[in-house]
Amino acid sequence: MAGFSARTRVCLTCGLAALVAAGGVGSPAAFAQTGGQTEAAATDVTQEIVVTARRRAESLQDTPVAITALSAETLEARQIQQTQDLERVTPSLQFKPAGQLSGNSASAVVFIRGVGQVDPTAAVDPGVGIYLDEVYLGRAVGGAIDFGDIDGVEVLRGPQGTLFGRNTIGGAILVRTKQPQLGEWSGRARVRVGEYNLREGFAALNIPLASTLAARVSGGFRKRDGYVIRAVDGLDLGNEDGYSFNGALKWQPSSDFDLFIRGDYSKRDEHGAPFVFAGVNEQAPVAAIASVGAGCPGATIPYAPLAAGDPRFGAPNVPMIADPRCANDLQAKGPFVNGGTAAVLSNSEVWGLAATANIRLSEVAAVKLISAYRNTSSRGIRDGDNTPLTLITTDVGSETGQFSQEVQLQLDWGKVSAILGGYYFNEVTDERATVFLAYPPSPPVIRSILAGGPGSRDLQVSRLKTDSLAGFGEISVKPAVGLELTGGLRYTTDRKTFLGTVFNLFPSTQPDPDPLPTLAVPQGGPLFLYHRPFTKSFSALTGSASVQYRWTNAISTYASYAKSFKSGGFNTRYNAAPAGNVPVPFDEESVTSYEIGVKTNIGRLRFNLAAFQADYDNIQLIFRQGVVPLLFNAGKARIRGLEAEANLRTAWGLSIDGGVSLLDDKIRSITPVPGATATVTPNDDLPLTPSIQANLALGYDIALPNGMTLTPRVDGSYTSKITFITGSIPLIEEDGYFVGNGSLTLKFNGRYEVSAGVNNILDSRYLIQGNASLATLGYAERMYARPRNWYLQLSGKF
């Protein structure tokens with residue numbers, strides 16, 4: 001984005017200075033930002049935070065990586081209930097629900113430092129890696145995680161291409177669940193009710209089975225009414241209706257061996273994503289065709305069988321009159337009413353099994369084995385134009401199975417430590433996508449629409465397979481007191497295979513053929529692509545290096561370099577046959593990052609600062625060929641940023657947590673693609689890259705008689721202007737917003753709690769998602785956040 005104003009820089013600097021100054025007069029006892037696994041600390045210093053960003057346990061302050069680490073206690077205190085809530089407390093992170101084209105509320109769109117994945121189709125890999133207990137989650141739907149029995153979360157900002165590898169060019173989100181504790185009977189539970197008919201419950205139980213064996217089981221559910229109502233039938237969109245179960249075993253027969261086995265299952269069955277109408281291009285061909293077919297007075301199209309002299313014949317145009325048969329901007333019904341009429345839904349089912357073994361070979365060597373299988377199935381149907389007409393309706397369903405195996409050899413000689421490893425990943429996705437359109441403008445389709453009949457639909461049945469193999473290593477050397485030098489390399493080879501059955505069905509009401517056709521157009525069949533597997537391989541050598549120096553026990557600095565890549569693949573969406581009847585491939589993209597940082601403990605204040613520049617090359621950008629979005633490698637960008645986080649606990653019970661990020665992105669070039677129209681120019685912003693993100697939380701513990709504590713808390717976050725897709729479309733851009741939350745918690749003897757709170761306490765109205773295709777299809781849609789709502793929660797533990 002454009003450079004930051006002088007006023008903005010002064011305000012942010014003053015705010016951070018005030019927080020640092022507060023550290024001089026207070027005395028923190030804990031670090032609210034953090035705490036995956038914390039150690040007991042003295043009352044006059046911050047607690048040590050143990051993180052695993054470099055695949056080994058070490059202090060947050062000794063890790064030369066920009067990290068936000070959040071303990072289970074912090075997640076609960078700041079009302080972080082799902083992965084998408086993390087953006088409220090994490091600099092440079094954008095985590096949005098409901099991928100634009102999927103229609104599935106469980107689908108995740110995640111960006112860190114301006115790098116991510118806008119389109120959650122199975123053909124495109126994520127730009128931010130999400131890991132559950134060190135297991136990579138390959139699909140966008142599996143990335144939307146409820147924080148039930150969670151031990152902690154770490155958000156690693158910037159490329160993590162050495163130790164994490166797969167598709168971490170933007171960063172990585174590490175989610176850790178609570179492991180079974182040996183020899184301990186314990187449990188906890190909570191129930192919550194609230195506005196929009198909210199009903200939520202969760203329980204976890206730790207069970208000692210033997211002196212060396214323990215189990216942990218947990219489960220939860222959430223039900224809540226939607227906040228967008230369909231005018232045609234009263235259906236509530238954006239509702240929540242899901243449940244999950246988790247089970248784990250921990251076996252530790254000796255100090256040299258332990259085995260952690262875990263399984264999880266979750267299911268959601270909901271009405272659909274809460275998109276609403278944003279606008280229509282009244283001169284778009286599809287909008288005009290649908291309007292003429294519906295009988296809109298004065299609407300015109302230039303397509304046969306209409307001809308000159310017919311009042312409906314003319315350039316594509318829809319008059320601006322208040323008539324439900326006309327696709328124009330008067331279809332708008334406000335931010336919380338949807339005008340669509342197509343059947344919609346959003347469901348998902350995710351389950352997985354994983355086993356992690358730690359084997360100590362000697363005083364200096366240990367082996368870790370991580371084996372996992374995961375299965376994800378989902379379906380989302382959306383009425384993209386959100387009107388009574390059929391401009392576009394999408395129905396996307398998929399099922400994915402993935403297997404991964406990782407082996408690590410960890411070595412530690414004191415002043416020298418290293419990690420060597422290998423990684424294998426296999427994923428197979430079967431996807432069915434069908435798109436209902438008032439298109440193409442051929443005489444049979446136009447004749448049907450004019451008679452009040454259906455248009456056509458594109459049907460795309462795909463099988464996508466990924467085989468990935470990688471070897472990696474990193475070594476750290478401490479040649480002098482306080483100095484650490486680290487370097488690492490990773491070689492990755494990915495093999496992508498695509499088999500597609502892609503064609504157009506007219507009329508759209510006919511069912512999918514059974515069996516599906518197998519001949520392409522040149523062979524006398526209907527398929528746009530030859531029905532055979534297409535394969536493409538991608539490989540890269542990526543690496544990282546860092547220099548860290550601890551000046552005192554309170555201050556350390558670092559400088560780092562990192563490079564990561566995300567492999568390419570094949571476009572799977574077509575409305576017509578591509579050249580040669582073969583799929584259009586796209587290549588890998590890469591990010592190279594340079595970063596400096598300082599990490600400090602000043603008395604009872606922890607303050608961390610990072611500055612970086614990232615060169616984003618060969619960007620996979622969306623171009624359009626007619627109505628179809630296709631990915632091409634056609635861009636270069638530069639992203640610069642500054643991030644700060646600070647946390648304070650005073651001796652009198654006041655807690656302050658804050659963070660801020662400043663991002664300045666510049667698209668350096670866009671390469672023209674013959675036969676396709678770019679959706680972005682060098683003057684546009686990268687999607688989901690706000691120039692300013694800031695968060696601040698204040699809490700105050702008030703001691704009451706009989707061991708009770710009352711804690712009022714306020715929590716606020718600000719995000720500046722943000723775009724949701726590549727290109728500038730003001731209709732679906734958010735100009736900036738502040739959202740605040742407040743809560744009051746009463747604790748009884750550290751075992752029972754009663755909490756009440758209000759989310760979005762100022763009832764801010766702001767966008768959280770948007771999508772548009774104005775040139776040909778003519779539609780734009782957007783999604784607002786849920787309005788102000790209250791809750792009441794009871795919880796306990798033993």
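Contact means heavy atoms within 4.5 Å. Helices (H or I, at least four residues) and strands (E, at least two) are DSSP runs, numbered from the N terminus. This is a predicted model, where local features need pLDDT of at least 70, side-chain atom pairs count only at pLDDT 80 or more, and totals for chains, interfaces and linings use all residues. Residues are numbered from 1 along each chain as its sequence is written, and side-chain values use heavy atoms, leaving out hydrogens and water.

Begin with two helices. Ile289, Val292 and Gly293 of H3 meet Ile446, Ile449 and Leu450 of H4. H3 covers residues 285–294 and H4 residues 443–450.

Now turn to charge. A salt bridge is a side-chain nitrogen of Lys or Arg within 4 Å of a carboxyl oxygen of Asp or Glu. The whole structure holds 48 salt bridges. In one of them, Glu87 pairs with Lys96, with the closest N and O atoms 3.1 Å apart. Buried means under 20% relative accessible area, exposed over 50%, and partly exposed in between (1.4 Å probe, protein chains only). Glu87 is buried at 12%. Lys96 is buried at 1%.

Glu733 and Lys721 also form a salt bridge, at 3.5 Å from N to O. Glu733 sits in the loop between strands E40 and E41, and Lys721 in E40. Glu733 is buried at 10%, whereas Lys721 is partly exposed at 34%.

Which residues are linked in a network of salt bridges? They are Asp146, Arg190, Glu200, Arg222, Arg224 and Glu240.

Note on methods: Axes fitted to C-alpha atoms, helices over the stretch in contact; angles between N-to-C directions.
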